Each structure stands twice: as C-alpha cells, then as structure tokens.
Amino acid sequence: MQVDVNFAPPSFPSSTQPIALSRVHSVTRASVAMGEADVARVVQQVEELLVSGFERGVPALQREAHQADGFLPIASLLHYSPLGPAVWPFGGVGVVADCLRARGSMVVELSGDGSAVRKMPLRVQLRNQLEFLFSDNNYHRDLHLQLLQDEEGYAPLDQVVRSYAQLSQLVDAARGPAARRAALVREAVSSSAELV
C-alpha cells in the first residue's frame, strides 16, 4: 500500500523565527532548536500517517499495531515511513514525543513513556472536539454555539453535531445504525469531566 503524504524537509529556525522547542539531539548530543513550523509539521505528519492507516500496508507495523493497546512504537514508524527524514535532523524518537507534548493533537495519543503513538479512539476524538467547543477559549467567540443553547444553557447534541463539520465527520466515521452513532456521542459526553 502506498500512501501519498507530502513530507517536507525541516526548515531550521532563523534568528527571526521563534523557537518552539529546544532539545539535545539523541545522536550528536548537540543542542538543536525547532521552530513552530517544524513542530507543527511533525505533528501533522504523524496525524496523517495514523489517520491514513499507513501501518496496514507495512506487515511489520501491522503486527505491532495489533497489540492489545494498539500503540505503534515511534521508532518503527520512523523506520518504515517517510517521517524519518523530517525528524532525524532534530534527533530520533524523542522528537516526535516532544512535538506531540508541545503542540498536542486531537487525533494522536502518545503513550505514557513517550515511546509509542496510536490513533485515538473515535469516542476520545469526539470528546476532545466537544470539550474544545464548549471551552472558555472557544465558547465566548462562537455565537452559533451560544444561539443553539436554551435558556438553561443546554444545547441539543444532535444540533451541535450537525452544525460542526468536524463533529459530523467523526460521528459519520463510526459507521453503522443511527442508534450506534448516537450512543457514541453519549459515551463521549459521559466520559468527559468537563461536559455535563
């Protein structure tokens, strides 16, 4: 299976580009700095690989992805994908972990020890999107969301999901009967400590 993902080479930060991440290269032990664009590029490339199902086309990664927890070792991902050349100038496995910690991802989950990644389950992706929508950072700027709410401050979930393309796409990705998709949304909300 061939995946068409554009992997751009890193652009080393100039004196005018703000440094988003400083780290020690894992092989050369030299200090390296990554600009915001490089950090964003690494996170985006990991997301694209995991969302595309890249591992299904590589037998060695298939075996590792079918472990009980579904995590793929970052070292294997770097070895078997075009992500490696984008990461090696800054170090190795730790670069991906550092970038995910610095920038975060709504799609990729980093293992506790920072050595592996996996695509978040749909329920978790949906919960993260809903938490963002209703967060203080977004709610006050989102007039449409405010208009969906009733006088007690509640918004009908079906209308919220239909109103936002990212939510709608996540629910549609669940495939299956409408009752199953509705259960996914309820599960996402009930698993959140921030949503009522």
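Here is a short chat about a predicted protein model.

Trainee: Before we start, what should I know about the numbering and the model?
Mentor: Residues are numbered from 1 along each chain as its sequence is written, and side-chain values use heavy atoms, leaving out hydrogens and water. This is a predicted model, where local features need pLDDT of at least 70, side-chain atom pairs count only at pLDDT 80 or more, and totals for chains, interfaces and linings use all residues.

Trainee: What pLDDT does the protein chain average, and what about residues 1–15?
Mentor: pLDDT is the predictor's confidence in each residue, from 0 to 100. In the protein chain, 85% of the residues score at least 70, and the average is 80. Over residues 1–15, though, the pLDDT is below 50. Where pLDDT is low, the predicted coordinates should not be read in detail.

Trainee: How many helices and strands are there?
Mentor: Both are DSSP runs numbered from the N terminus: helices are H or I with at least four residues, strands E with at least two. By that rule, the protein chain has 11 helices and 5 strands.

Trainee: How do α1 and α5 sit against each other, roughly parallel or roughly perpendicular?
Mentor: Their axes (lines fitted to C-alpha atoms, for helices over the stretch in contact) are 9 Å apart, and the angle is about 105°. Such angles run from 0 to 180 degrees between N-to-C directions. Since 65 to 115 degrees counts as roughly perpendicular, α1 is to α5 roughly perpendicular.

Trainee: Is Ser-52 buried or exposed, or something in between?
Mentor: Ser-52 lies in helix α1, which covers residues 36–52. Buried means under 20% relative accessible area, exposed over 50%, and partly exposed in between (1.4 Å probe, protein chains only). With a relative accessible area of 25%, Ser-52 is therefore partly exposed.

Trainee: Which residue's backbone oxygen does the side chain of Ser-52 reach?
Mentor: The side chain of Ser-52 comes to 2.9 Å from that oxygen. The residue is Leu-49.

Note on methods: Polar contact = N/O pair within 3.5 Å; in protein donor to acceptor, adjacent residues only side chain to side chain. Contact = heavy atoms within 4.5 Å. Parallel < 35°, antiparallel > 145°, perpendicular 65-115°, else oblique.
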